[in-house]
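Colleague: I have a model open on my screen and would like to learn how to read it. Could you take me through its features one at a time?

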Amino acid sequence: MASTVQNTDVKQKDADRAVVVAVTSREVFKSGPDDGGEILEIDESHLLLKLLHRVNERLEEENPEEPLLFDVILITTDSQRQQQSSRIISSTKHYGLEISRFCFASEDDFAESLQTNNVQLFLTTDRNEASQAAQKGVLSALLDQRVAISTSDQLRVMFCEDAVIQPDSGHTPSFAAQMGEMRRRFRLSDSPLSFILVTLHGGRDRCADSLLTLRSSGLSVDEAYCLAGAPRGPILSVLQPHFMISISSSGLEK
């Protein structure tokens, strides 16, 4: 049975307004032989959490009572890691990571745990987990580890047109609306958020339709690219989004 533990070292976010993001613990702490120590070795991918926290800090600089913040949950599905729950919690507090809650769930019921915790975006490097969560209606994306360790001071989110214009795109419109509202809190010149649209197929009309759909949700993108059937790998290596919202691949497929 899944269990959730609140991080008492972190101020809890507004349950009605916060954007709940779940990240698997394997993206934050390195796996390896147990050295017996209490503190787990941190992975470079934790820098993504730093970017989420930076957005929160900037929002609270503008408005100390800002309710629209990222609310991060750390979820553990690996059975071996389940036995290290106290170390995961202690390590999180040791590194000062802005994680509100810890969720410990089995591989069979973790998707239900995401629903129970009202997760609006699930980030993982495991394609099967992303697919399972998406099947339960939880917006999911694969992390690109190479970008997650970049030194970018902006959180770069890419939307693919299949997640924008398809009627079965799940919770993409509501997520886009939240991101658009959050983006409008900042000036264009120094925003900690950057949104990109990429259309994989079709011409300019397809790109224009996708842009209009996002705008109707309240999100204006910073950059837009029409690939017209060209492979997206090369442009991804240049743009370096931290993750892509895409129905067909559930993430950053080259």
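Colleague: What share of the 254 residues in the chain is buried?

Modeller: Buried means under 20% relative accessible area, exposed means over 50%, and partly exposed is in between, with a 1.4 Å probe and protein chains only. In this chain of 254 residues, 50% are buried. Do keep in mind that this is a predicted model, where local features need pLDDT of at least 70 and side-chain atom pairs count only at pLDDT 80 or more, while totals for chains, interfaces and linings use all residues. Residues are numbered from 1 along each chain as its sequence is written, and side-chain values use heavy atoms, with hydrogens and water left out.

Colleague: How many helices and strands does the chain have?

Modeller: There are 10 helices and 10 strands. Helices (H or I, at least four residues) and strands (E, at least two) are DSSP runs, numbered from the N terminus.

Colleague: In what order do the strands of the open sheet lie?

Modeller: Two strands pair if DSSP finds at least two bridges between them. Here 6 strands form an open sheet in the order β1-β4-β3-β2-β5-β6, with mixed pairing. β1 (3-6) and β6 are the edge strands, each pairing on one side only. On average, neighbouring strands of this sheet are turned by 25 degrees against each other, direction ignored. Axes for such angles are lines fitted to C-alpha atoms, for helices over the stretch in contact, and angles run from 0 to 180 degrees between N-to-C directions.

Colleague: Which strands are joined to β3 by bridges?

Modeller: β2 and β3 run parallel and are joined by 6 bridges; threonine 24 has isoleucine 75 in β3 as its bridge partner. β3 also runs parallel to β4 (residues 101-104), with 4 bridges, and the bridge partner of threonine 76 in β4 is phenylalanine 104.

Colleague: Where are the buried residues of α5, and what covers them?

Modeller: An α-helix has 3.6 residues a turn, so residues three or four places apart point the same way. In α5 (residues 127-135), the buried residues are Glu129, Ala130 and Ala133. They are on the same side of α5 because they cover an arc of only 100 degrees around the axis, taking the directions from the helix axis to the C-beta atoms. Exposed Asn128 and Gln135 are on the face turned away from that buried side. The cover over the buried residues includes β2 (19-24), α4 (110-116), β5 (121-124) and β6 (140-142).

Colleague: What is found at the start of α5, and what follows α5?

Modeller: At the start, a side-chain oxygen of aspartate 126 comes to within 2.9 Å of the backbone nitrogen of asparagine 128. Glycine 137 follows α5, with a positive phi near 90 degrees.

Colleague: Which residues touch the most other members of the largest nonpolar core?

Modeller: In soluble globular proteins, nonpolar side chains tend to be buried together. A nonpolar core is a set of buried Ala, Val, Leu, Ile, Met, Phe, Trp, Tyr and Cys residues joined through side-chain atoms within 4.5 Å. The largest core here has 48 residues, and Phe70, Leu123, Leu155, Phe159, Met182, Phe243 and Ile245 touch the most other members. α1 gives the most to this core, with 6 residues. Another core, of 12 residues, lies apart from it and has Ile73, Ala105, Val119 and Val138 among its members.

Colleague: Which loop holds asparagine 118, and is its phi positive or negative?

Modeller: Most residues other than glycine have a negative phi, and most peptide bonds are trans. Asparagine 118, in the loop between α4 and β5, has a positive phi of about 55 degrees although it is not a glycine. Asparagine 118 is exposed, at 55% relative accessible area.

Colleague: Is asparagine 117 buried or exposed?

Modeller: Asparagine 117 is buried, with a relative accessible area of 10%. Its side chain makes a polar contact of 3.4 Å with that of arginine 101. Such a contact is a pair of N or O atoms within 3.5 Å; within protein, one must be able to donate a hydrogen and the other to accept it, and residues adjacent in sequence count only if both atoms are side-chain atoms.

How values were computed
Contact means heavy atoms within 4.5 Å.
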